[in-house]
Amino acid sequence: MPRRLVVGNWKMNGSRASNASLLETLSASEASLGEGCGMVVCVPFPYLQQTSDLLAGRRIGWGAQDVSAHRQGAFTGEVSAAMLREFGCSYVIVGHSERRQYHGESSDLVGQKAAVVLEHGMTPIVCVGETLAEREADRTEEVVSGQLDSVLQRLGADIGRAVVAYEPVWAIGTGRTATPEQAQAVHAILRQQLRQAEANAGSVSILYGGSVKADNAASLFACADIDGGLVGGASLNAQEFSAICAA
Ligand code: PEP
């Protein structure tokens, strides 16, 4: 059975003071996490050490928002999977739409990143999602399945150790959430694709992301193939994020 998981993506937000207060409040709420449910925060690189220190001994997982596909060497500004592992990261987001859109990341590169994350004993959170123009052109299935297929080609049976996040680009940071029916329909397609590709992939957690808030989380998470959420803006507010995790 897929694990229930809520992942906060802080994006390029935070300060040492605000992180400390956010993580302290989240730590106080971890007791309300249900059995088998996970809470994770993915923070900017400079805050990995602070996050590691403040979450030591806690049930809250943590990780990064991107990684280099290269192992080491002359790649100025990049951060390797080995470095993230050395810090103690457990999760790494790969293929977020902001990386695809602003940094030209291809689905093939996303597959390479997912592979290097797994090679270093961490869990890649692989994001897929269509733009509004693609949805309106009835291309949602073709786009998300194509993005997932690139990662499946690269990972093979190792996909069983990854997490997938469906994030419609038109719902990210816009306040416009997919309805539970819209999200469930795409999750069911992704679930079937995973099952058909690899025998062990039926239990991969598939998260929904795109303007998840405390007041819409329960109806999204009640859908058969939605195993939790990838949360941007609302993960910066401890009460809101805790309420989403409780849902
Ligand atoms: C995200 O950054 O992955 C995201 C889903 O953002 P938001 O929740 O703000 O839409």
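My entries follow, ligand first, then a lysine, then the cysteines.

**Ligand.** I kept in mind that this is a predicted model. I listed the shell and found 14 residues around the ligand, with Lys11, Glu167, Gly173, Ser211 and Gly232 coming nearest. By class, I sorted that shell into 4 nonpolar, 8 polar and 2 charged residues. Glu167 brings a polar side-chain atom to 2.7 Å from a ligand oxygen. For Gly173 I found a backbone N or O atom at 2.6 Å from a ligand oxygen, and for Gly232 a polar backbone atom at 2.8 Å. I then checked the cover: the ligand alone exposes 290 Å², and the protein buries 97% of that.

**Lys113.** I located Lys113 in helix α5, which spans residues 107-119. Is Lys113 buried or exposed? I noted it as buried, because its relative accessibility is 3% and the cut-off is under 20%. Its side chain makes a polar contact of 2.8 Å with the side chain of Asp66. Beyond four places in sequence, I saw Lys113 in contact with Asp66, Val67, Ser68, Ala69, Val94 and Glu105.

**Cysteines.** How many disulfides does the structure hold? I counted 0. For Cys127, the nearest cysteine sulfur belongs to Cys42, 9.2 Å away, while a disulfide needs the sulfur atoms within 2.5 Å. Cys127 is buried at 1% relative accessible area. Cys223 is in no disulfide either, with the sulfur of Cys37 nearest at 16 Å. I logged Cys223 as buried too, at 14% relative accessibility.

Definitions and conventions
Residues are numbered from 1 along each chain as its sequence is written. This is a predicted model: local features need pLDDT of at least 70, side-chain atom pairs count only at pLDDT 80 or more; totals for chains, interfaces and linings use all residues. Side-chain values use heavy atoms; hydrogens and water are left out. Helices (H or I, at least four residues) and strands (E, at least two) are DSSP runs, numbered from the N terminus. Buried means under 20% relative accessible area, exposed over 50%, partly exposed in between (1.4 Å probe, protein chains only). A polar contact is a pair of N or O atoms within 3.5 Å; within protein, one must be able to donate a hydrogen and the other to accept it, and residues adjacent in sequence count only if both atoms are side-chain atoms. Contact means heavy atoms within 4.5 Å. A residue is near a molecule or strand if one of its heavy atoms lies within 4 Å of it. Accessible areas come from the Shrake-Rupley method with a 1.4 Å probe; for residues, only the protein chains shown count as cover. Ala, Val, Leu, Ile, Met, Phe, Trp, Tyr, Cys and Pro count as nonpolar, Asp, Glu, Lys and Arg as charged, and the others, Gly among them, as polar.
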